[in-house]
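Here is a brief report on one model. The sequence and coordinates come first, and the notes follow.

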Amino acid sequence: MIQTLDGLIAFLRRFHSYDAAGDSFVVPPEFPPALATFYAELGGLIDVEPTAGNQHRAPLAAQDAFTPLDRIKYVDNMVEFACENQGNWSARCSFDHADGNVYSNAAEAWGEGDGFEPVCDSLAHFITTLSLQEAVMSCPHLVSVQTEKLDAAIDAALPPLWLDGHFVYGEPTHNFYHNAQLDLIAMNWGGIWLGSHNPSFRELVKPDVGLTVIQ
């Protein structure tokens, strides 16, 4: 399981086959340490743009998105570093805390809140949940399965990768599982999603489970 930000970065480098050699990113000094480390180590992935028609999904901007360094906003002594894919909400963190709260106006976009409210008490935790969500949703081979139980979906071992992930909902909503041999991440959030760089995992989806191919 992923337990630290360094562990997350190592996992994402492997999963996305990302080699940071030659990349050079000057991270603004006001970034809190967790955000600075993430952008310094994975800035090249953050900069990847999606292509027309979803022929290529950006590794960190497929569903929601980390903001590239050259588009970062500073508002009310906070760094605005992530957003919903249509701009309906964004996420911010304070300059003043090494691993403090993340704030979002997502609830307001749904008609349930008022401005920016705390949604996660750890910036590193929020980064982990968002980046794993995007890892799944950016996969070149992505399916959703019509079952509520992950073990009923696929004949493959899926050890936990990241559980009870907090995002913009103010409560744990995301669970992730990983099969290294299949290069597969399973996500349980709003249904069950299976994403991989290897299409062979589809052969292991149980025949009585409905499957929708996304990509």
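Is G195 buried or exposed? G195 is buried, with a relative accessible area of 0%. Here buried means under 20% relative accessible area, exposed over 50%, and partly exposed in between, using a 1.4 Å probe and protein chains only.

## Basis of the model

This is a predicted model: local features need pLDDT of at least 70, side-chain atom pairs count only at pLDDT 80 or more, and totals for chains, interfaces and linings use all residues. Residues are numbered from 1 along each chain as its sequence is written, and side-chain values use heavy atoms, with hydrogens and water left out.

Helices (H or I, at least four residues) and strands (E, at least two) are DSSP runs, numbered from the N terminus.

## The surroundings of G195

G195 sits in strand β11. Contact means heavy atoms within 4.5 Å. Leaving aside residues up to four places away in sequence, G195 touches F15, V136, C139, H141, L142, D183, L184 and I185. S104 is another matter: 91 residues separate S104 from G195 along the chain, and their C-alpha atoms are separated by 27 Å.

## The six-stranded sheet

An open sheet of six strands runs in the order β8-β9-β10-β11-β7-β12, with antiparallel pairing. Two strands pair if DSSP finds at least two bridges between them. The edge strands are β8 (160-166) and β12 (210-213), and each pairs on one side only. Neighbouring strands of this sheet are turned by 20° against each other on average, direction ignored. Axes are lines fitted to C-alpha atoms, for helices over the stretch in contact, and angles run from 0 to 180 degrees between N-to-C directions.

## Strand β9 and its partners

Strand β9 covers residues 172-179. Six of the eight residues of β9 are buried, so β9 is largely enclosed by the rest of the structure. Four bridges join β9 to β8, and the two run antiparallel. W162 stands opposite F176 of β9. G165 has H174 in β9 as its bridge partner. Five bridges join β9 to β10, again antiparallel. There, Y177 stands opposite A186 in β10.

H178 also belongs to β9. At 19% relative accessibility, H178 counts as buried. Beyond residues up to four places away in sequence, H178 touches F11, A157, L158, P159, L161, L184 and I185.

## Positive phi angles

Most residues other than glycine have a negative phi. Which phi value does D164 take? Phi of D164 is near 55°, a positive value in a residue other than glycine. D164 lies in strand β8 and is partly exposed, with a relative accessible area of 48%. N77 has a positive phi of about 60° and is not a glycine. N77 is in the loop between β2 (73-75) and β3 (78-84). At 57% relative accessibility, N77 counts as exposed.

α4 (residues 123-137) has 15 residues and reaches 21 Å from its first C-alpha to its last. That is close to the 21 Å expected at 1.5 Å a residue, where the expected span is 1.5 Å times one less than the number of residues. α4 is mostly covered: 15 of its 15 residues are buried.

α4 lies across β7 (141-146), β8, β9, β10 (184-188) and β11 (192-196). Against β8, α4 runs at about 120°.

## Helix α2 against α4

How do the axes of α2 and α4 cross, and at what angle? The axes of helix α2 (residues 33-47) and α4 come within 8 Å and cross at roughly 35°. α2 passes α4 in a right-handed crossing. A crossing is right-handed if the near helix is turned clockwise from the far one by less than a right angle, and left-handed if anticlockwise. A34, L35 and F38 in α2 meet L123, A124, I127 and S131 in α4. The residues of this contact divide into six nonpolar, one polar and no charged. Ala, Val, Leu, Ile, Met, Phe, Trp, Tyr, Cys and Pro count as nonpolar, Asp, Glu, Lys and Arg as charged, and the others, Gly among them, as polar.

V48 is in the loop between α2 and β1 (64-66). V48 is partly exposed, with a relative accessible area of 28%. V48 and L60 are twelve residues apart in sequence and 7.7 Å apart in space, C-alpha to C-alpha.
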